[in-house]
Amino acid sequence: MTGPVLKAGSRPPWVGLAAAVWVEIAAGNAYNFPLYSSALKSVLGFNQQQVTILGVANDIGESVGLLPGIACNKFPPWAVLLVGTVCCFLGYGVIWLAVSQTLPNLPYWLLFVTLCIATNSNAWFGTAVLVTNMRNFPLNRGTVAGILKGYVGLSAAVYTVIFSMVLKKSSLNLLLFLALGIPVLSLVMMYFVQACNPASEEDSSINLHFNFTQAFSVIVAIYLLTTTILYDTLSISDSICYVMVAIMVLLLLSPLAIPIKMTFFPAKPKKPALEDDNVTRVDDPLLTPSSSAANLGSFHETDDYASDIDTLLAIGEGAIKQKRRPRRGEDFKFREAVIKADFWLLWLVFFLGVGTGVTVLNNLTQIGVALGYNNTTILLSLFSFCNFVGRLGSGTVSEYFVRSRTIPRTLWMTLSHVLMIVVFLLYASALNGTLYAATALLGVCYGIHYSMMVPTVSELFGLSHFGVIYSFMLLGNPIGAVLFSAMLAGSVYDAEAAKQGGGSTCLGPNCFRFTFQILAGVCGLGTILGIILTIRVRPVYQMLYSGGSFRLPQSSSH
């Protein structure tokens, strides 16, 4: 069967990465729920429990990505992005019609479903650009995952700036922006997100370009945090607000500087290309499927080495065809990966990390109020900034250590579990001055789990079916939201509120103390599982990165 058309050249992957930054910001639209949930409560007459259940719908929609994962192996990126565009337009459009009273008295179940559809656009947006860019830059998976996931973390701060400075804190205008603005952005960017021919060897200029992109993303994060603080503490005119938003847009365009530089100052080619065609066709969704064991070295039993070579030679010559189960580090189908112990260990480590983290995120406003912090805007911005730091920083740090020491990326997930134990005990203590510190540390840990899961999946189970496996891992988020947030934290909060007089608001450290103690114990379990997983996968990383850089397994010709 004819494979996908891959765009050749060194510039298109960087154009796609710059476009992916904007798509990832669009993929963070679920972070807006706290900004318009009050309108759902006041305009539609919902109680707090109904709003909380809609919050669970918000988490379910953004994390259920099995269909986008499958679609990434069947259709080009623009088609996957188009589905996300339709979901965003229809979902938020119906919610806007309900809040504006254009369609009054919509059933509650219909709003639940439409919110799931609206935020499911995140899965289509994020999966399309993540899978495409991981394949375009297979030698820099950790760095790419850190950058893209970092911008998803920053999207909350971007939307907060737009909501405050442009939309004047109007929930109705925000919903209209999500229903129309995000789809338009996706339609513009889908042309530039394309599967490209990746580099097959290390290039110092690539590392320089990634360093530039990372540096400017840090500048964007600092600028957004500073802008939010200034807006909340000072009286700023509308004209100044628009100038600050324009600067934000220019900073978000900074990744385009790389392809522009490559256009006007092209690098000198090392050797004449072997092919003159502008496109290359391949027979597999991946450019370099790891179906052979050519690079496994000492990872395999030495006494089978000669027979393996004979078999591979025979397969290469077409004399025999042999099917065998893939080894870790090669390309797995979903049904092959799901029966592996490492698959479920990784899922549990991720689930216990993001499930406990999303519990605090969903209840951060209530936590702040319970502890006497009525203005939680800065608290939310601090979490967003540190979430970005965790995502981007862990991608960079893990990439260095995996290449220099062959240290598995799962080690950083394990260490973040250890740090989260400390964080939840800080929350439970309710000591003066610890709320901001605990929130900042939790944001970093939450970002680490998301950023590290992505390249780990690709390294253990390959890129051929990465989209499906990655999307299944993401189910840890909504399951954690249901178990730890809706069932545990919600029940404890309501019980404490009842003790204080039967109202719907709870004040004092006891509102969440028991919840935090349970979450600390859960992260203790995550630490143990993370240690086991890290020990199990260390040989895989020694095989993949033994030469100081990622070794793409060679495929036999057919």
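Colleague: At what angle do helix 18 and helix 21 pack?
Modeller: This is a predicted model. Helix 18 covers residues 434-461 and helix 21 covers residues 513-544. Their axes lie 10 Å apart. The angle between them is about 80°.

Colleague: Is helix 18 roughly parallel or roughly perpendicular to helix 21?
Modeller: The packing angle is about 80°. Angles of 65 to 115 degrees count as roughly perpendicular. So helix 18 is, relative to helix 21, roughly perpendicular.

Colleague: Which residues of helix 21 make the contact with helix 18?
Modeller: Helix 18 brings Thr-456, Glu-459 and Leu-460. By class, the contact has five nonpolar, one polar and one charged residues. From helix 21 come Val-537, Val-540, Tyr-541 and Leu-544.

Colleague: Which residue meets Arg-409 in a salt bridge?
Modeller: Side chains of opposite charge can pair when their charged atoms come close. Here the N to O distance is 2.8 Å. The partner sits in helix 18, while Arg-409 lies in the loop between helix 16 (377-404) and helix 17 (410-429). The partner is Glu-459.

Colleague: How many residues apart in sequence are the parts that Arg-409 and Glu-459 tie together?
Modeller: Arg-409 is in a loop and Glu-459 is in helix 18.

Colleague: Is Glu-459 buried or exposed?
Modeller: For Glu-459 the relative accessibility is 1%. Buried means under 20%. So Glu-459 counts as buried.

Colleague: Which residues are linked with Arg-409 and Glu-459 in a network of salt bridges?
Modeller: Arg-409 and Glu-459 meet in a salt bridge. The network also takes in two further names, Glu-399 and Arg-403.

Colleague: What is the relative accessible area of Asp-342, which forms a salt bridge with Arg-328?
Modeller: The closest N and O atoms of Asp-342 and Arg-328 are 2.8 Å apart. Asp-342 lies in helix 14 (residues 341-362), and Arg-328 in the loop between helix 12 (305-316) and helix 13 (334-337), so the pair ties together parts 14 residues apart in sequence. Asp-342 is buried, with a value of 2%.

Colleague: Where does Asp-238, the salt-bridge partner of Lys-168, lie?
Modeller: The closest N and O atoms of this pair are 2.9 Å apart. Lys-168 is in the loop between helix 7 (141-166) and helix 8 (171-189), so the pair ties together parts 70 residues apart in sequence. Asp-238 lies in helix 10 (residues 238-252).

Colleague: Are Lys-168 and Asp-238 buried or partly exposed?
Modeller: Lys-168 has a relative accessible area of 36%. Asp-238 has 41%. Buried means under 20% and exposed over 50%. So Lys-168 is partly exposed, and Asp-238 is likewise partly exposed.

Colleague: Which residues does Gln-214 contact, leaving aside neighbours within four places in sequence?
Modeller: Gln-214 is in helix 9 (residues 204-233). At 10% relative accessibility, Gln-214 counts as buried. Its contacts are Thr-143, Ile-147, Leu-392 and Thr-396.

Colleague: What share of the 558 residues in the chain is buried?
Modeller: The chain holds 21 helices and two strands. Its accessible surface is about 23900 Å², with 65% belonging to carbon and sulfur atoms. The buried share is 53%.

Methods
Residues numbered from 1 in each chain as written. Heavy atoms only, no water. Axes fitted to C-alpha atoms, helices over the stretch in contact; angles between N-to-C directions. Helix = DSSP H or I, 4+ residues; strand = E, 2+ residues; numbered from the N terminus. Parallel < 35°, antiparallel > 145°, perpendicular 65-115°, else oblique. Contact = heavy atoms within 4.5 Å. Nonpolar A, V, L, I, M, F, W, Y, C, P; charged D, E, K, R; others polar. Buried < 20%, exposed > 50% of the residue type's maximum accessible area, 1.4 Å probe, protein only. Areas by Shrake-Rupley, 256 points an atom, 1.4 Å probe, with all protein chains shown as cover. Salt bridge = Lys/Arg side-chain N within 4 Å of Asp/Glu carboxyl O.
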